[in-house]
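Dear colleague,

I am handing over a structure for you to look through, and my notes on it follow below. Please keep the chain open beside this email while you read.

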Amino acid sequence: RHMVVAPTCQPHGSAKASFGNARRPGQSGPVELAVNYRHTDFLPRRHDLNRPLGAVARDQDGRPIYGALVKEGSVVAQSPTSPRRFDGFELVSALDPDGYSNDVGVTLRLVQPVSRFFRMFGSYTYSHTTDNWLSGLNAGPYAQLTPFPDSLSGQDWADGTSDFDIPHRVSLGIELKPAGSDAVTLAARYRWQSGAAFTPGLAPGVDANGDGSFTNDPAYVDDSLPGMADLLARWSCLRTQVGRFAERNACRDPGLGTVDLRLGIAPVKRYPVELWIEGFNLAEPVQGLWDHALYTVDPATPLTTAAGRVTIPYVVNPHFGKLLVDRTPGRVVRIGLRVNY
């Protein structure tokens with residue numbers, strides 16, 4: 001693998017703007033509103049200089065294919081003899097500073113005292129992040145290649161919802177001080193946030209567009225395939241994509257919700273020392289690797305090619321959206337001292 005840095009590369013630059021306002025209406029507690037906006041330019045995007053300049057074929061859905069495909073069981077890959085622009089090289093990456101990111105967020109926070117010994121607090125954040133920068137996350141450089149380098153219907157497919165977009169965050173809590181005691185504080189908090197965005201794609205080991213990457217091909221949502229009706233009934237994000245290639249990050253994993261508890265004890269009043277016992281993730285959110293493959297490939301059916309059209313025998317994956325690997329972080333208990341000055 002080789003990498004070339006464009007001569008126009010430069011450090012990315014960001015412009016930020018924020019606004020905040022806090023009020024205490026009537027006898028209620030403080031209410032705070034905050035708005036933030038950030039725009040970033042010159043993010044490096046990866047382009048493969050070694051792929052053919054144009055598609056050499058298309059599949060049954062119109063997907064451009066940039067190399068000869070071979071099939072072994074349920075694996076579909078680029079043929080080792082597939083022509084490349086530069087013989088003897090595999091991936092030749094160019095990093096161009098043509099990436100951008102836009103992020104806007106609105107946060108509302110409030111604290112509501114109910115009595116001397118009891119108060120409630122909460123916050124809600126709505127945000128939306130868009131970019132054209134394929135992060136690849138932990139999948140390596142091939143996952144940073146756009147599957148439609150020559151655009152899709154005249155549009156940059158990568159331009160859309162960011163891999164880091166978390167639109168909703170909620171935090172609700174209560175704090176209790178038992179009557180007659182200033183030495184003990186008990187607090188509980190519920191946290192929830194939207195799940196990570198993902199693109200409905202193909203099973204691992206399927207390189208449908210022959211660009212050398214097994215991780216960047218979106219699925220064409222075909223409601224005529226057997227088994228698709230059940231998935232469409234359960235996934236609203238798929239229903240909006242029927243009859244086209246799935247948009248980038250069109251779907252989401254399940255949201256994450258958990259409960260935290262905190263007990264504070266001031267053993268000696270005249271000293272500004274508090275003992276804290278905190279528990280996090282007491283209601284463990286299910287986290288891990290989810291199955292994002294909308295289709296697998298029928299191992300018993302061969303590829304067929306006719307007049308520049310390649311037919312790949314896709315099969316609807318009934319496990320789409322289900323948990324593959326459980327990486328739930330587990331419960332955490334923390335004990336410490338806090339000195340208040």
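Which residue in the turn of the hairpin formed by E6 and E7 has a positive phi? Gly-73 does, with a phi of about 65 degrees, and two residues lie between the two strands of this hairpin.

Before going further, please note that this is a predicted model, in which local features need pLDDT of at least 70 and side-chain atom pairs count only at pLDDT 80 or more, while totals for chains, interfaces and linings use all residues. Residues are numbered from 1 along each chain as its sequence is written, and side-chain values use heavy atoms, with hydrogens and water left out.

The hairpin

Strands here are DSSP runs of at least two residues (E), and helices are runs of at least four (H or I), both numbered from the N terminus. Strand E6 covers residues 69-72 and runs antiparallel to strand E7, residues 75-78, to which four bridges join it; two strands pair if DSSP finds at least two bridges between them. Glu-72 has Val-75 in E7 as its bridge partner. In a regular strand the side chains alternate between the two faces of the sheet. In E6, Leu-69 and Lys-71 make up the covered face, whereas Val-70 and Glu-72 make up the uncovered one.

Two residues with positive phi

Phe-42, in strand E3 (residues 31-48), has a positive phi of about 65 degrees although it is not a glycine. Asn-281, in the loop between strand E17 (273-280) and E18, is likewise not a glycine and has a positive phi of about 60 degrees. Buried means under 20% relative accessible area, exposed over 50%, and partly exposed in between, with a 1.4 Å probe and protein chains only. Phe-42 therefore counts as partly exposed, at 33% relative accessibility, and Asn-281 counts as buried because its relative accessibility is 14%.

The largest pocket

A pocket is an open set of points on a 1 Å grid over the protein atoms alone, where a 1.4 Å probe fits, with protein on both sides within 12 Å along at least five of seven lines; lining residues have an atom within 4 Å of a point. The largest pocket is lined by 46 residues, and those nearest its centre are Leu-137, Phe-198, Leu-289, Trp-290 and His-292. Strands E13 (197-198), E14 (201-202), E18 (288-290) and E19 (293-297) each give two or more residues to this lining, and E18 supplies the largest share, three residues.

With kind regards
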